[in-house]
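Open the model in your viewer and keep the selection tool at hand.

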Amino acid sequence: QEGYGPDAMVVARSLVNGAIDLAYIVGADSEERARQWCAVGEKAQQNYREQFEEVPDRNQYLSRARIGAQPKDWEKMKIKKRAEAAGLEDLYKIAYKAGSSPEHSDSWSSIDYVEEISGGGLTVQIGPSEKGVSKALSASCWGLSEAFLRWCKFFGFDEDETVERVKKIAHRFSDSVGKRKARGSG
């Protein structure tokens, strides 16, 4: 809304990541996959604490033994593979990857902040602009709609009017991707 599209892509990528993880979790073996997902987070928290020599909280939800076993299963399945398993390859290829650039502050994302000055030279644009706004909004909408659809399907809310409207939104993105692929413009 304020014109900070490249910055908003970081948030959009997080939403897309959450949608992919949710879709993977509810796709099959939901309880086990949810436990694995939680164990990865718990392991990361405990590793963080240990680097400061803090004693892990023994009253945590997950035991140390489960933390050691379950994250390995989740970590074997990288996000690209989770997206493929959940049928969200296009969401990964388009929205997640586009958000990875600003997330990691690489040269691709930096281009959104650099502008040529008439007469030569470059300037860094740090204020609001139109750059990347529609990309960030599209990625966010697509990620949220996919998460909503997977959640509704998991709980059996498939026939609702709202679900049908969200399906149209989500499919509009994937249909436009399919049309670009068919034309050869990727």
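A cavity here is a set of grid points where a 1.4 Å probe fits but cannot get out, and its volume is the space filled by probe spheres set on those points. The model you are looking at is predicted.

**Stop 1: the cavities**

How many cavities of 30 Å³ or more does a search of the whole structure find? There are two. The largest cavity holds about 50 Å³ of space.

Clear the selection and move to the second largest cavity, with about 30 Å³ of space. Its lining consists of Ala98, Ser101, Pro102, Trp108, Ser109, Asp112 and Lys135. Two elements give two or more residues to this lining: helix H5 (89-104) and helix H6 (107-110). Colour both helices to see where they meet the list. Which element gives the most to the lining of the second largest cavity? That is H5, with three residues. By class, the lining of the second largest cavity divides into three nonpolar, two polar and two charged residues.

**Stop 2: a patch on the surface**

Now turn to the outside and select Val114, Leu122, Val124 and Ile126. These residues form a nonpolar patch on the surface, and together they have about 420 Å² of accessible area.

Pick out Leu122, which belongs to strand S2 (residues 122-124). Is Leu122 buried or exposed? Its relative accessible area is 60%, so Leu122 counts as exposed; the cut-off for that word is over 50%.

**Stop 3: salt bridges**

A search of the whole structure finds five salt bridges.

Show the side chains of Asp21 and Arg82, which meet in a salt bridge at 2.8 Å, N to O. Asp21 lies in helix H1 (residues 5-27) and Arg82 in helix H4 (residues 79-85), so this pair ties together parts that are 61 residues apart in sequence. Both Asp21 and Arg82 are buried, a word used for under 20% relative accessible area.

Next, select Glu31 and Arg35, whose side chains form a salt bridge of 2.4 Å, N to O. Both residues lie in helix H2 (residues 30-51), four residues apart, which is about one turn of the helix. Glu31 has a relative accessible area of 52% and is therefore exposed. Arg35 has 26% relative accessibility, so Arg35 counts as partly exposed.

Finish in helix H4 with Glu84 and Lys81. Their side chains meet in a salt bridge of 3.6 Å, N to O. What separates Glu84 and Lys81 along the helix? The separation is about one helical turn, because the two are three residues apart in H4. Glu84 counts as partly exposed, at 32% relative accessibility. Lys81 is also partly exposed, with a relative accessible area of 47%.

Note on methods
Residues numbered from 1 in each chain as written. Predicted model: local features only at pLDDT ≥ 70, side-chain atom pairs only at ≥ 80, totals over all residues. Heavy atoms only, no water. 1 Å grid on protein atoms, 1.4 Å probe; cavity = no way out; pocket = protein on both sides within 12 Å on 5 of 7 lines; lining within 4 Å. Nonpolar A, V, L, I, M, F, W, Y, C, P; charged D, E, K, R; others polar. Patch = residues over 30% accessible without salt bridge, like charges linked within 9 Å, V, L, I, M, F, W, Y side chains within 5 Å. Areas by Shrake-Rupley, 256 points an atom, 1.4 Å probe, with all protein chains shown as cover. Salt bridge = Lys/Arg side-chain N within 4 Å of Asp/Glu carboxyl O. Buried < 20%, exposed > 50% of the residue type's maximum accessible area, 1.4 Å probe, protein only.
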